[in-house]
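Hello,

Here is the structure I promised to pass on to you. Please open it beside this email, and the notes below will walk you through what turned up.

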Amino acid sequence: MDSIGKHTKSEPFGFLVYNAPGLLDTGLVIAGARCGATGVLNCENITDAEAVRSAIARIGKLLRRPIGIKFEADSTIGEELLGELGSDVDCVIFTAGSPDRLKKMVDVARPRKILLEVTSAEQGAAGVALGVDGLIAKGHEAGGVVGEETTLVLLQRLISECALPVWAHGGIGLHSAAACYVAGAVGAVLDGQLLLAAESSLPSKVRKFVERMEGDETICLGLE
């Protein structure tokens, strides 16, 4: 994350490591950062500001390098916490939202690097207009709010239409990561892939369920 720009073949392919939404799993953030990725404290579905403060403090005691933090654009605690962040957080990721709300959040988060998670080219264009530093192409293989396009298709669309570095999020494995690199991505997001890692604090009952999953259990619900 020290340099943001389109990669060349001599540059490494970077990774953003998220904890699962709703679960402030600092172990994955710390382990990801220690492995050379950018550990990102994912605060999606979190409404307890004090819990986030405690998580950031714990990470700061165990990790001697900056991390990223992720908020929803309409987060009820995001603006409050952004004003408190120190130098141990050097990257902020936002989900897409109303332009006015996003602009307010981006202004508060500066001068840190700002990445915008988008599910369409239109959202990518909005990110360019806001002056963010990069985009995360969240394809429909990812969990949570997604668009209609696959990660690779959306990635290529954003790279061709938006003059910003783009990370890939959704369906990322050994071979698809290579495909994203060839397509021009500067990196990829790892989240669900790490749920069964030793550092994951996923509850044992949930872990047992995930262990039995074969990949066809997911469903997509329309906004209506």
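In which hand, right or left, does α1 cross α2? The crossing of α1 past α2 is right-handed. Please keep in mind while reading that this is a predicted model.

**The α1 and α2 pair**

Two packed helices are described by the angle between their axes and the distance between the axes. For helix α1, residues 26-34, and helix α2, residues 49-62, the angle is about 35° and the axes are 10 Å apart. On the α1 side, the contact is made by Thr 26, Gly 27, Val 29, Ile 30 and Arg 34. From α2 come Ala 55, Arg 58, Ile 59 and Leu 62. Sorted by class, this contact has 5 nonpolar, 2 polar and 2 charged residues.

**Helix α4**

Next, have a look at helix α4, which covers residues 99-109. Its residues Leu 102, Met 105, Val 106 and Ala 109 are buried. Looking down the axis of α4, you will find its buried residues within an arc of 100°, so they line one face of the helix. What lies over them? The cover for the buried residues of α4 includes the strands β3 (67-71), β4 (89-95) and β5, along with the helices α3 (78-82) and α5 (121-130).

Asp 100 also belongs to α4, but this residue is exposed, because its relative accessible area is 68%, and the cut-off for exposed is over 50%. Between Asp 100 and Leu 130 there are 9.7 Å from C-alpha to C-alpha, with the two 30 residues apart in sequence.

**From α4 to β5 and beyond**

The loop between α4 and β5 holds Pro 111. Arg 110 and Pro 111 are joined by a cis peptide bond, with omega about 10°.

Strand β5 itself runs over residues 113-118 and includes Glu 117. Is Glu 117 buried or exposed? Its relative accessible area is 5%, so Glu 117 is buried. The side chain of Glu 117 makes a polar contact of 2.6 Å with the side chain of Lys 70. Beyond its neighbours within four places in sequence, Glu 117 is in contact with several residues, among them Tyr 18, Phe 94, Gln 123, Ile 136 and His 169. Lys 138 is on that list too.

You will meet Lys 138 again at Thr 119, which touches Lys 138, Val 145, Val 146, Gly 147 and Leu 154 when residues up to four places away in sequence are not counted. Thr 119 sits in the loop between β5 and α5. With a relative accessibility of 15%, Thr 119 counts as buried, because the cut-off for buried is under 20%.

**Two exposed loop residues**

Asn 45 is in the loop between β2 (38-42) and α2. Although Asn 45 is not a glycine, it has a positive phi of about 65°. Asn 45 is exposed, at a relative accessible area of 53%.

Ser 87 is placed in the loop between α3 and β4. Its relative accessibility is 69%, so Ser 87 counts as exposed. How far apart are the C-alpha atoms of Ser 87 and Asp 107? They are separated by 17 Å, and the two residues are 20 residues apart along the chain.

Enjoy exploring, and do write back with any questions.

Best wishes

Methods
Residues are numbered from 1 along each chain as its sequence is written. This is a predicted model: local features need pLDDT of at least 70, side-chain atom pairs count only at pLDDT 80 or more; totals for chains, interfaces and linings use all residues. Side-chain values use heavy atoms; hydrogens and water are left out. Helices (H or I, at least four residues) and strands (E, at least two) are DSSP runs, numbered from the N terminus. Buried means under 20% relative accessible area, exposed over 50%, partly exposed in between (1.4 Å probe, protein chains only). A polar contact is a pair of N or O atoms within 3.5 Å; within protein, one must be able to donate a hydrogen and the other to accept it, and residues adjacent in sequence count only if both atoms are side-chain atoms. Contact means heavy atoms within 4.5 Å. The arc is that of the directions from the helix axis to the C-beta atoms. Axes are lines fitted to C-alpha atoms, for helices over the stretch in contact, and angles run from 0 to 180 degrees between N-to-C directions. A crossing is left-handed if the near helix is turned anticlockwise from the far one by less than a right angle, and right-handed if clockwise. Ala, Val, Leu, Ile, Met, Phe, Trp, Tyr, Cys and Pro count as nonpolar, Asp, Glu, Lys and Arg as charged, and the others, Gly among them, as polar.
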